[in-house]
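Dear colleague,

I am handing over the structure shown just below, and I would be grateful if you could read the notes after it with the model open beside you.

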Amino acid sequence: MAKGLKNIIHNCKEATKLSLKREEQHLSVKERMQLRIHLLFCDACKNFVKQSALINTAVKAFKERIKQAPPQELPAAVKERMQARLNE
C-alpha cells in the first residue's frame, strides 16, 4: 500500500482535521479522497463526522433564533444592585 494511503487510513487526527476543514471550506480533490478512504475503515471517525455536523446544525439554528429574538434588557434596579456589588 502506498505510504500516503496507509497514513490516512491509520491517522484519525488527520481525518478529524479534514472533516472540520470541510465544514468551513472546500477540500481539494486529494483531501476529499483521503477523508472518504479513512471513513470507509474508521467507525469512530464516521461517528465524529455525524456528531460534528449535528452540533454545527444546532449551533446555526440557535444563532438564528437569537437573531430573531427581541433584545433583552435588565431592569434598572437589577443593574444598580450589580453595580453596587461590583463597587464593594
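What share of the contacts in the protein with a separation of 6 or more is accounted for by residues 24 or more positions apart? Such residues account for 50% of those contacts, where contact means heavy atoms within 4.5 Å.

Please keep in mind that this is a predicted model, in which local features need pLDDT of at least 70 and side-chain atom pairs count only at pLDDT 80 or more, while totals for chains, interfaces and linings use all residues. Residues are numbered from 1 along each chain as its sequence is written, and side-chain values use heavy atoms, with hydrogens and water left out.

The protein has 5 helices and 0 strands, which gives the pattern α-α-α-α-α along the sequence; helices (H or I, at least four residues) and strands (E, at least two) are DSSP runs numbered from the N terminus. Of the 88 residues, 16% are buried, a term that stands for under 20% relative accessible area, with exposed meaning over 50% and partly exposed in between (1.4 Å probe, protein chains only). The accessible surface comes to about 7600 Å², and 58% of this surface belongs to carbon and sulfur atoms, as computed by the Shrake-Rupley method with a 1.4 Å probe.

The axes of α2 (residues 12-24) and α3 (residues 29-41) come within 10 Å and cross at roughly 125°, the axes being lines fitted to C-alpha atoms over the stretch in contact and the angles running from 0 to 180 degrees between N-to-C directions. That makes α2 oblique to α3, since angles under 35 degrees count as roughly parallel, over 145 as roughly antiparallel, 65 to 115 as roughly perpendicular and the rest as oblique. The contact is made by Cys12, Ala15, Leu18, Ser19, Lys21 and Arg22 of α2 together with Glu31, Gln34, Leu35 and His38 of α3.

Glu31, which is found in α3, counts as buried at 17% relative accessibility. Not counting residues up to four places away in sequence, Glu31 touches Leu18 and Lys21. Glu14 lies 17 residues from Glu31 in sequence, and their C-alpha atoms are 10.0 Å apart in space.

Ser52 belongs to helix α4 (residues 43-68) and is likewise buried, with a relative accessible area of 10%. Its contacts, leaving aside neighbours within four places in sequence, are with Leu20 and Glu23.
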